[in-house]
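Trainee: I am new to this structure. Can we go through it step by step?
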Amino acid sequence: MAWDFETEPEFQEKLDWVETFVREEIEPLDLVLGNPYDKSDTKALDIVRPLQRQVREHGLWAAHLGPELGGQGYGQLKLALLNEILGQSRWAPTVFGCQAPDTGNAEILAHFGTDEQKARYLEPLLNGEISSAYSMTEPHGGADPTLFRTRAELDGGEWVITGEKWFSSNARYASFLIVMAVTNTEVSAYQGMSMFIVPADTPGVNIVRNVGIGTEPEGEGSHAYIRYENVRVPRDHLLGEEGGAFAIAQTRLGGGRIHHGMRTVGQCRRAFDMMCERALSRQTRDGPLASLEIVQEQIADSWIELEQFRLLVLRTAWLIDRYQDYRRVRKDIAAVKATMPKVLSNIAQRALHLHGALGVSNEMPFVGMLIGAESLALADGPTEVHKVTVARQVLREHKPVDGLWPSAHLPTRRADARARFAELLEHEVANA
Ligand SMILES: Cc1cc2nc3c(=O)[nH]c(=O)nc-3n(C[C@H](O)[C@H](O)[C@H](O)COP(=O)(O)OP(=O)(O)OC[C@H]3O[C@@H](n4cnc5c(N)ncnc54)[C@H](O)[C@@H]3O)c2cc1C
């Protein structure tokens, strides 16, 4: 029997340890430490390094990676179970060495990087010594990469990059950026764009401003608007083949999206647990909120949505392990991507509302979760685009009908059935 919804006992033991470790050792850090990507924050590093050592001792460091890159090769399904727990804390992914966007950047460096690129950029990234950024979206349009204008041209032995990028997360803390640029205007965008590794201290990498999310104070955000002004990088800083940017982006974003889905399960569960606690604790004159049927409906809807979403994530992770090819799981990953903001938004909104004024205040995390859900609906591509992917892939598995009537048209089917069983039916009638 291949369908199995149980976790093997040895890995469950690890998950139990992670659950306690995150709750007791890491979640308190979320309340006192700054940005996990800021590797110049030595106070934070002094606290976090010993925790990272414990994670390594438990064989859980960089669990998204195969053994050839220093991971355990757990695969995506086990990673999903782990990320569900890590997704509940801001610092946990960094303590476990599997934080976005570094995971996706590491993945493409591992897949497409040369030995020198791996030694210089991938190794310190995997060791948690540096941070990285992914610089693809442009200010005039992000959802459609064929509109990108940033150019890279060869000049002697160097590539010269010129253009603007928007919302490059964590660029202010990054040691290097992976930049997508047009290298050939004669061919289609799908063949004419390339990826580059750009060290962040290269002259001409100018952060215009760091954009914040929601109510973050101006200038303190971590999503950079960057102007690349005649940025010169050596020829060997091309990542993968010239013209290969789209294939690389798909590799990166496929993994990145499903990992966001895994962590979002954790966020949803956190909001859901808070909702249940509140429903059982807050009294009305008729008893606790939990005794009101209208509240019970909200709890039931939230549980059902969370379980459906979690199963979709786990099944998609299982499919990736099975096929080892993101392209074959494109529809499923797109479905996860399109579902996650809605489920998180629904559950966080209901949890917020049940907390009354406290829920909307800055003393609870719900408003941040709602903004987080809206961010998930945009980062790595807007929901609409992913729904189109799902629909297109699904429609490939179907075909149009010949003739006027649908294949399920009852009178046509009945006539066909009568014709098929005519002899038998006549015989039955004659015997009656
Ligand atoms: C928190 C966060 C982090 C991010 N981090 C990064 C990063 O590290 N690096 C990076 O390069 N980018 C990053 N982005 C940018 C992200 O990839 C883009 O926001 C996204 O691709 C959408 O592009 P846009 O914002 O230009 O929106 P637009 O392309 O202007 O789209 C706006 C809206 O138009 C509609 N729309 C657009 N196209 C279609 C279509 N084909 N069909 C139907 N409707 C459509 C949708 O409603 C969409 O939301 C991040 C974004 C967020 C919110």
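Predicted model: local features only at pLDDT ≥ 70, side-chain atom pairs only at ≥ 80, totals over all residues.

Trainee: How many cavities of 30 Å³ or more does a search of the whole structure find?
Mentor: The search covers the whole structure and counts cavities of 30 Å³ or more. The number found is 1.

Trainee: What is the volume of the largest cavity, and which residues are the closest to its centre?
Mentor: The largest cavity has a volume of about 90 Å³. Its lining is made by 14 residues. The closest to the centre are Gly97, Gln99, Asp102, Leu125 and Leu126.

Trainee: Which element gives the most to the lining of the largest cavity?
Mentor: Two elements give two or more residues to that lining: helix H5 (102-112) and helix H6 (115-126). With 3 residues, the element that gives the most is H5.

Trainee: By class, how many residues of that lining are nonpolar, polar and charged?
Mentor: Take the lining of the largest cavity class by class. The counts are 5 nonpolar, 7 polar and 2 charged.

Trainee: Are helices H1 and H2 roughly parallel or antiparallel?
Mentor: Helix H1 covers residues 9-30 and helix H2 covers residues 42-57. Their axes come within 12 Å and cross at roughly 175 degrees. Angles over 145 degrees count as roughly antiparallel. Therefore H1 and H2 are roughly antiparallel.

Trainee: Which residues make the contact of H1 with H2, and how do they divide by class?
Mentor: H1 brings Trp17, Phe21, Glu25 and Leu29. H2 brings Ile47, Leu51, Gln54 and Val55. They divide into 6 nonpolar, 1 polar and 1 charged.

Trainee: Is phenylalanine 167 buried, partly exposed or exposed?
Mentor: Phenylalanine 167 lies in strand S3 (residues 158-169). Its phi is near 65 degrees, a positive value in a residue other than glycine. Phenylalanine 167 has 32%, so it is partly exposed.

Trainee: And asparagine 230, is it buried or exposed?
Mentor: Asparagine 230 lies in strand S7 (residues 223-234). Its phi is positive, about 50 degrees, although it is not a glycine. Exposed means over 50% relative accessible area. At 53%, asparagine 230 is therefore exposed.

Trainee: Is glutamine 298 buried or exposed, and which residues is it in contact with?
Mentor: Glutamine 298 is found in helix H9 (residues 293-323). Buried means under 20% relative accessible area. Its relative accessibility is 19%, so glutamine 298 counts as buried. Leaving aside neighbours within four places in sequence, its contacts are Met275, Arg350 and Leu354.

Trainee: Is glutamine 393 buried or exposed, and which residues does it touch?
Mentor: Glutamine 393 lies in helix H13 (residues 383-396). Its relative accessible area is 15%, so it is buried. Not counting residues up to four places away in sequence, glutamine 393 touches Arg330 and Lys331.

Note on methods
Residues numbered from 1 in each chain as written. Heavy atoms only, no water. 1 Å grid on protein atoms, 1.4 Å probe; cavity = no way out; pocket = protein on both sides within 12 Å on 5 of 7 lines; lining within 4 Å. Points joined across faces, edges and corners; volume = space filled by probe spheres on them. Helix = DSSP H or I, 4+ residues; strand = E, 2+ residues; numbered from the N terminus. Nonpolar A, V, L, I, M, F, W, Y, C, P; charged D, E, K, R; others polar. Buried < 20%, exposed > 50% of the residue type's maximum accessible area, 1.4 Å probe, protein only. Contact = heavy atoms within 4.5 Å. Axes fitted to C-alpha atoms, helices over the stretch in contact; angles between N-to-C directions. Parallel < 35°, antiparallel > 145°, perpendicular 65-115°, else oblique.
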